[in-house]
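Subject: Structure handover

Hello,

Here is the structure you will be working with. My notes on what was found follow below it.

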Number of protein chains: 2
Amino acid sequence: MPVKQKSSNDSRAGGPTIATAVYDQIRRDIITGVLAPGHKLGSTGLRERYNAGISPVREALNRLAAENLVCFEDQKGFHVAGVGSEDLADLIKTRCWIEEIALRESIANGDDAWEDAIVLAFHRLSKVPRSASSDSYEFNPDWEKLHHAFHGAILGNCGSPRMIAYCDLLADQANRYRQLAASISYPNRSEGDEHQELMNAAIERDVEKAVALHHAHLGKTNNIIMKSGLSLPEGQIAL
Amino acid sequence: MPVKQKSSNDSRAGGPTIATAVYDQIRRDIITGVLAPGHKLGSTGLRERYNAGISPVREALNRLAAENLVCFEDQKGFHVAGVGSEDLADLIKTRCWIEEIALRESIANGDDAWEDAIVLAFHRLSKVPRSASSDSYEFNPDWEKLHHAFHGAILGNCGSPRMIAYCDLLADQANRYRQLAASISYPNRSEGDEHQELMNAAIERDVEKAVALHHAHLGKTNNIIMKSGLSLPEGQIAL
DNA sequence: ATGATAGCAATATTCCAATATTTATCCACA
DNA sequence: TGTGGATAAATATTGGAATATTGCTATCAT
C-alpha cells in the first residue's frame, strides 16, 4: 500500500532533514528545561511530540547522546541526562579551566574589531530583559541568545575552532543549571553588572582581572544553587 | 496486531545493540585509517561492509558526526572527516592547552597508587613493539591500547570526568595523524624514551618539566608530518 | 560552444512493520 | 509472606519498502 509521505513539491530544495529539525527541537527543550533531567525519552512519546517517524527521532537522540545531553543504555532506551551537585561542580570547574585559556588567548589576540564586537554584544544584551515576565523568572529566548553572543564575542577570538566548539558545548550543558539558578535568584542577581565589569577588564586588556571576574561569574551559578539548599533531582549523569 | 513473544535464543540478555557494535567498528576503522579521511560513507556500502541494516548504520554515523569524526550535510550523506595541516595545528594546540591542565591537576593530586599505575602502564607498554611488522610501520592494536592506557594513567588523576573524556576524544582525533606520522618516522622516533622521561618527571612531581615534555611529545607528531613535506589529503574538516 | 532544462539514475531519508528485549503481572509453591 | 518463574504487555531495535532529493546526461535553443 503506497503511503503518502509529505508530498510537498515546493520550489525550495530540500532544506534540513527531519532528523536535524527534531535534533534542534529536542536539544532546545532539554537546555531550556522543558524536558526535565532524567525524563524518559520513549519512542512513542517523542514521535507524537515532535510529529515525526521513529528513525529521525532516534538519529537525533543518537547525536544528543554523543554530546552527553542525553544518556542511553543499550536495549533500555534514552533519557534526558540527569543533573546533580557533583556533576555541576565538575562542569563549573571544567568551564573555569577551559574558558580561562580561551579568555587569555582572546585578549592576547584582541584587536579593535574584537573590542567593537564585545561592546556591541553587550549593548544589545543590556536592552533585553533577563526574564520574559517581570513578576517572576521566566525563560527569555531573546536574552539567552544575546547572552550567548556576548560571551562568544569575548572568547571567540582565541583562534581555535575546537576550543570555541567545546566552550559552546559546556555552556549548553550549563544552561540547564543556569535556568535553575535564575529562578532561585531572580531578580536579585545583577548579571548586567557582572558582564559590564568583565567587558571592561577584557577591553582594558587586564588579563588577570578578567580571568578573576570570569571565574566568579561562572562560580555564581554553583553558589546560588548550593546555597539555596535546593536538592537537585539526582538522576543518571551523562558522564 | 498479534505480537510474537517467542524469543528463540535467550539465557543471555541482549548485549550491545547492532548500532553500538557498528559504531565501534566504524570508529575504529576511522581512527586507524582503514577508512581514509574524506571517504564517502554511503548507505549501501556500509550496509554490506558491516553486515547490518540501514537504521543502525545511520545511528552509528549520527553519533560519530557529533564527535566530529564524521561530517555530514543534510540530504548529502556522510563522509569521514577530512584532515589538513590547519586542522592538525588546531588539534595539537588544543591538546597542549587542555592536557596541560589535566597534567598539572593529576600531579597535584598524585599519590602512591597513581605512581604505581603509571609505572605499571609504562612497563606493559615497553614490552610491546611499536609496529606489528619489524620491516616497516604497521598498526599495532596492542601497542595502541597500552599507549592510550599509559597516557590515561598520567592524566586520569585530574579529578574531572569531563576533562578526561575530552582528552580521550582529542586523542582519538589525533590518532589518525599519529598513524601518518608513525609511518613516516618509523623506526627513528624513540617514543619509549619520550614516555620514560615524561613518567620520571611526573613521578618526581617536577611539574614544569613534565609539562614541557608533554608539550614536546604532542608537538612531535606535528613536526614529523610538517617536516616530511607530505601534503595531507585536504578534505572537509569537521570543525 | 554555452547554458538551460527535462528526464533518469543514484543515493539519502523516512515511515512502518517485524523482531528482540525488557518490564510488569500473575500464579504456584515453599 | 515472599520467591521464582512463566507469561503477557510494553518498549526498543532493526530491516526494508516507499519517498524525496541530488547529481548526472542528453537534448535543445541561443
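Between chain A and chain B there are 6 salt bridges. This is a predicted model, so please read every value here as computed from it. One of the bridges pairs B:Asp87 with A:Arg162. Their closest N and O atoms are 3.0 Å apart.

A:Arg162 also turns up in the buried area. Together with A:Glu59 and A:Trp97, A:Arg162 is among the residues of chain A that lose the most area to chain B. These three account for 25% of what the chain A side buries. In terms of contacts, 34 residues of chain A touch 34 residues of chain B.

Next, the domains within chain A. The assignment gives domain 1 as 18-80 and domain 2 as 85-227. Taken over C-alpha atoms, the centres of domain 1 and domain 2 of chain A are 27 Å apart. Domain 1 of chain A brings 9 residues to the contact, and domain 2 of chain A brings 7. About 680 Å² is buried between these two domains of chain A, with 61% of it from carbon and sulfur atoms. On the domain 1 side, A:Ile31, A:Thr32 and A:Leu69 lose the most area to domain 2 of chain A. Together they make up 57% of what that side buries.

How many salt bridges link domain 1 and domain 2 of chain A? The count is 1. On a related note, the side chains of A:Arg27 and A:Asp172 form a salt bridge, at 2.8 Å from N to O.

Now the largest pocket. Its volume is about 1000 Å³. The lining of the largest pocket has 39 residues. Nearest its centre lie A:Ala66, A:Glu67, A:Leu169, B:Ala66 and B:Glu67. Elements of chain A that each give two or more residues to the lining are helix H1 (18-31), helix H3 (54-66), strand S2 (70-73) and helix H7 (161-185).

Which element gives the most to the lining of the largest pocket? H7(B) does, with 8 residues. By class, the lining splits into 20 nonpolar, 6 polar and 13 charged residues.

Last, some backbone points to check by eye. Most peptide bonds are trans, and most residues other than glycine have a negative phi. A:Tyr186 and A:Pro187 are joined by a cis peptide bond, with omega about 0°. A:Pro187 sits in the loop between H7 and helix H8 (191-203) of chain A. In chain B, a cis peptide bond joins B:Tyr186 and B:Pro187, with omega about 0°. B:Pro187 is in the loop between H7 and helix H8 (191-203) of chain B.

B:Asn51 is not a glycine, yet its phi is positive, at about 55°. B:Asn51 is found in the loop between helix H2 (43-50) and H3 of chain B.

Regards

Definitions and conventions:
Residues numbered from 1 in each chain as written. Chains lettered and ligands numbered in written order. Predicted model: local features only at pLDDT ≥ 70, side-chain atom pairs only at ≥ 80, totals over all residues. Heavy atoms only, no water. 1 Å grid on protein atoms, 1.4 Å probe; cavity = no way out; pocket = protein on both sides within 12 Å on 5 of 7 lines; lining within 4 Å. Points joined across faces, edges and corners; volume = space filled by probe spheres on them. Helix = DSSP H or I, 4+ residues; strand = E, 2+ residues; numbered from the N terminus. Nonpolar A, V, L, I, M, F, W, Y, C, P; charged D, E, K, R; others polar. Domains from an automatic or database assignment. Contact = heavy atoms within 4.5 Å. Buried area = accessible area lost by both parts, 1.4 Å probe. Salt bridge = Lys/Arg side-chain N within 4 Å of Asp/Glu carboxyl O.
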